[in-house]
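Please keep the sequence and the coordinates at hand while reading.

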Amino acid sequence: CCNPVPGDEIIGYITRGRGVSVHRADCINVSNNRGEEERLIEVKWYTASNVAYKADITVMANDRTQLLMEVTNTIGESKIPLKAMNARTTRDQIALIGLTLEITDTEQLEKIIRKLRKVDGVFEVTRSKQ
C-alpha cells in the first residue's frame with residue numbers, strides 16, 4: 001500500500017493468511033492497527049544489487065501547455081522507469097499528476113523529487129503515504 005523503498009524505516013505486519021506485509025513505519029495502515037502490536041515485527045532490507053521498488057508520488061502544478069511533457073521528460077532524462085501515470089486538472093487549473101516510478105533507493109527518489117520541483121509551474125511534489 002505504501003511502497004517502501006530502501007532507506008525508508010520499515011516495519012513488518014503479520015497478516016491473516018498472507019504472511020508478512022512490509023510497510024513504511026509512517027504508513028497510515030500500520031498506525032490504524034495499533035492495539036495489535038503483537039502482529040508487528042522487526043524487518044530489515046534485503047541488500048542485493050539491481051533490485052527496483054515502486055514508489056508513488058504526486059505532482060501539483062499550475063496547469064499549462066506542455067506541463068505533462070516536461071514532467072515526463074524530466075523523469076526520462078533521469079533514466080528512471082515510469083510505470084504508471086494519472087493526470088487531471090481541477091476547476092482551479094491545478095494539475096494533479098500521480099506517478100509510479102521504479103527506483104532503487106530513497107536517495108534516487110529524493111533526487112527525482114528535487115528535479116520535478118524545478119519544472120516550471122510545479123509547486124508541490126509529495127510521496128504517497130498509502
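In strand E2, the bridge partner of Gly12 is Val22. The structure is a predicted model, in which local features need pLDDT of at least 70 and side-chain atom pairs count only at pLDDT 80 or more, while totals for chains, interfaces and linings use all residues. Residues are numbered from 1 along each chain as its sequence is written, and side-chain values use heavy atoms, with hydrogens and water left out.

The pairing of Gly12 with Val22 belongs to an antiparallel arrangement of E1 and E2 that extends over five bridges. Here two strands are said to pair if DSSP finds at least two bridges between them; helices (H or I, at least four residues) and strands (E, at least two) are DSSP runs, numbered from the N terminus. E1 and E2 form a hairpin with five residues between them, and Gly17 in the turn has a positive phi of about 90°. Gly12 also has a bridge partner in E3, namely Ile41. Strand E1 (residues 10-14) and E3 run antiparallel and are joined by two bridges.

The loop between E3 and E4 contains Val43. Leaving aside residues up to four places away in sequence, Val43 touches Ile10, Ile11, Gly12 and Val22, where a contact means heavy atoms within 4.5 Å. Val43 and Val20 are separated by 23 residues in sequence and by 9.6 Å in space, C-alpha to C-alpha.

What does the pattern of the protein look like when read along the sequence? It is β-β-α-β-β-α-β-β-α-β, with three helices and seven strands. Strand E4 is joined to E6 by ten bridges, and the two run antiparallel; within this pair, Thr58 stands opposite Gly98 of E6. E4 also pairs with E7 in the antiparallel sense, over five bridges, and there Val59 stands opposite Val125. In a regular strand the side chains alternate between the two faces of the sheet. In E4, the covered face consists of Tyr53, Ala55, Ile57, Val59 and Ala61, and the uncovered face of Lys54, Asp56, Thr58, Met60 and Asn62.

Helix H2 (residues 67-77) has Leu67, Val71, Thr74 and Ile75 as its buried residues, buried meaning under 20% relative accessible area (1.4 Å probe, protein chains only). Seen down the axis of H2, these buried residues fall within an arc of 95°, so they line one face of the helix; the arc is that of the directions from the helix axis to the C-beta atoms. They pack against strand E4 (53-62), strand E5 (82-89), strand E6 (94-103), helix H3 (106-117) and strand E7 (122-127). Just after H2, Lys79 takes a positive phi of about 60°.

For the protein as a whole, the C-alpha atoms fill a box of roughly 50 × 35 × 20 Å along the principal axes. Of its 130 residues, 32% count as buried. Among the contacts with a separation of 6 or more, 63% are accounted for by residues 24 or more positions apart.

Conventions
Buried < 20%, exposed > 50% of the residue type's maximum accessible area, 1.4 Å probe, protein only.
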